[in-house]
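Please take a moment to look at the sequence together with its three-dimensional structure before reading on. The paragraphs below go through selected places one after another.

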Amino acid sequence: MQAWGEERTVRAAVLRHLLIGNDWPTDARGVRLRGIRISGPLDLQAATLHCPLQLESCILDAQLVCLDQAAATVLIITGCHLVALTGETLIAKTLDLSGSTLTGPLRLPGASMTGALSCRGAHLTGRDDDGNALVADGIRVGGEGVLLDGGFTAAGAVCLPRAAITGALSCGGARLTGRDRKGRALVADGIKVGFDVFLDDGFAADGTVSLLLADITGMLSCRDARLIGCDGEGGSLAAYGMRVTGDVWLDGEFTASGEVSLRSSHIGGALWLQGKLTAAENEPALDAAGAQIAGTFRWAPAEQVTGWVSLDGAAVSELDDDLTSANGSWPTRGRLSVKGFTYDRIGGAHPAAVDQRLDWLRSQYPSAFPGVQAMFATQPYEQFAAVCRRAGQDTAARKVAIARRSDLRKYGNLNPYRKFGNWLLDKTIKYGYQTWRAGVGLAFVFGVFLVLSVTGQHQHVMVPVGDIQGLHPVPSATQCTSNYPCFYPVGYTVDTVIPLINVHQAEYWGPDGHAAWGWIWVGSAWVATGLGWALATLLVAGYTGLVRQE
């Protein structure tokens, strides 16, 4: 191509005169040049092009093609080699740079196109001083949208902040091997897209993909994308506050070496996360805190996630994961946080058992690290219990409620007194969810003491404790007399064990502590009275709901 002679060379000044001059009328179909060399600077700044321009497989040897403030209908520069092109506030119907190679930056800030901007298969091998290969801040594009696919490559960052695209943003298969000074490969903060965004089909970025506050009317597809670079904060996909009307797909061979941030995002469809989150231990892998997902949140990473995952304050319609093996690839040892996370139901082909879901909740707490105090939260347990109740699984809901109180003792920050009280309620009435246990315990104490009362009666340990002076014969526990109340073991047991019920047996009879082994009966009476009061109190508190906290 360097050997092209003058017969294949057109001066840029001549081409400029054809496009904007009136001396040489041109065909309505425009100027079409193929396989030629255009020499000299092509300066069309602030010009109005009378006809379309089509350059195919041409070489533009000027350092800059200037289209700043120009107005044109169709600009097709395909398969060409040029240094740099600038089109600040350019107005055109279509700009097509498919298959072209630019060794310098492509600048289109504030440009407006009613049709498409196509860089399909283009190669941007240069970049500006800020590390950008394509700068299109605030660009407005209609038609099919912005097409950076079909083998598109960029050695610098692609900047589309605040762009307004009526159609799609298609970067399928694109390779962004450069980054700007902040470590970003694709900057689309505040972008508005009227259709889908495709970062799929092998899309690769060596820096962060930034979609902060993006507004996408269709879906966001990152299927088979490889986000292998990070910015200074360790992020691979930054989509804080993003709004997506459809689904978000992070599946297939999707790989993110750094954090995927969906914090405070709004997704009108489902979120499918089935790729690889390869962030290192103690580094954030997924931040979806405050995210609102109207559809299903499908969690099925291809391998175990070891980085931090935060779902704090997020809300989804359906949680779909598989806890039947390896904790469902969720991180463990305190690297998962689900405080304030809400979901209407739990779905999936392999629904987890209650114990498996409880283990998932407990994976929030770093119990494997001695001396590390967890920040216990009851809301995740209450949320799970509420879902169980809505599904008609009352037994499961009670089990979760019991686990919530029990785990508070294990993972929470309770003082010794509260910890003992928690333990007592756990071992007795299961925090009011198994109150019958107190009734059974009370019946057991009653039965044991009744046996002791009958034994003490026949061993002459039970003696009168009332005024027996002058009584003949002297009253005995084994023989009734007419002048003193008889001893009844059942009544004496009721007086001793059952609180607030008095049949007056204990007023007239009691164990003789001076008799052989009499101290056993004395001590047993004290113990039985204490246990009776404790178990009866627990029984009443359990049935009245005083100790139960939903």
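With a relative accessibility of 19%, L33 counts as buried, because the cut-off for that word is anything under 20%. The model in which this value was computed is a predicted one. L33 lies in strand β2, which covers residues 31-34. If we set aside the neighbours within four places in sequence, L33 is in contact with L15, Q54, L55, E56 and C58.

Most residues other than glycine have a negative phi. S57 is not a glycine, and yet S57 has a positive phi of about 55°. This serine is found in the loop between β5 (53-56) and β6 (59-60), and its relative accessibility of 31% means that S57 counts as partly exposed.

Which two cysteines form a disulfide? They are C480 and C486, whose sulfur atoms are 2.1 Å apart, and because a disulfide requires two cysteine sulfur atoms within 2.5 Å, the pair meets the condition. By this rule the count for the model comes to one disulfide. C486 counts as buried, because its relative accessibility is 14%. C80, by contrast, is in no disulfide, for the nearest cysteine sulfur, that of C58, is 4.6 Å away. At 0% relative accessibility, C80 counts as buried. C230 is in no disulfide either, and here the nearest cysteine sulfur belongs to C222, at 15 Å. With its relative accessibility of 22%, C230 counts as partly exposed.

Helix α6 (residues 436-458) packs with helix α8 (residues 518-544) at an angle of about 160°, and their axes are 9 Å apart. Angles over 145 degrees count as roughly antiparallel, and α6 and α8 are therefore described as roughly antiparallel to each other. Their crossing is left-handed. On the α6 side, the residues that make the contact include W436, L442, V445, F449 and L452, while on the α8 side they include W521, A528, L531, L535 and Y543. What kinds of residues make up the contact of α6 with α8? They divide into 14 nonpolar, six polar and no charged residues.

Helix α8 also packs with helix α7 (residues 489-497), at an angle of about 60° and with the axes 7 Å apart. That angle makes α7 oblique to α8. The contact is made by Y492, T496 and V497 of α7 together with A525, A528, T529, G532 and W533 of α8. Sorted by kind, the residues of the contact of α7 with α8 are five nonpolar, three polar and no charged. A reader who compares the two lists will find A525, A528 and G532 of α8 in the contact with α6 and again in the contact with α7.

Note on methods:
Residues numbered from 1 in each chain as written. Predicted model: local features only at pLDDT ≥ 70, side-chain atom pairs only at ≥ 80, totals over all residues. Heavy atoms only, no water. Buried < 20%, exposed > 50% of the residue type's maximum accessible area, 1.4 Å probe, protein only. Axes fitted to C-alpha atoms, helices over the stretch in contact; angles between N-to-C directions. Helix = DSSP H or I, 4+ residues; strand = E, 2+ residues; numbered from the N terminus. Parallel < 35°, antiparallel > 145°, perpendicular 65-115°, else oblique. Left-handed = near helix turned anticlockwise from the far one by under 90°. Contact = heavy atoms within 4.5 Å. Nonpolar A, V, L, I, M, F, W, Y, C, P; charged D, E, K, R; others polar.
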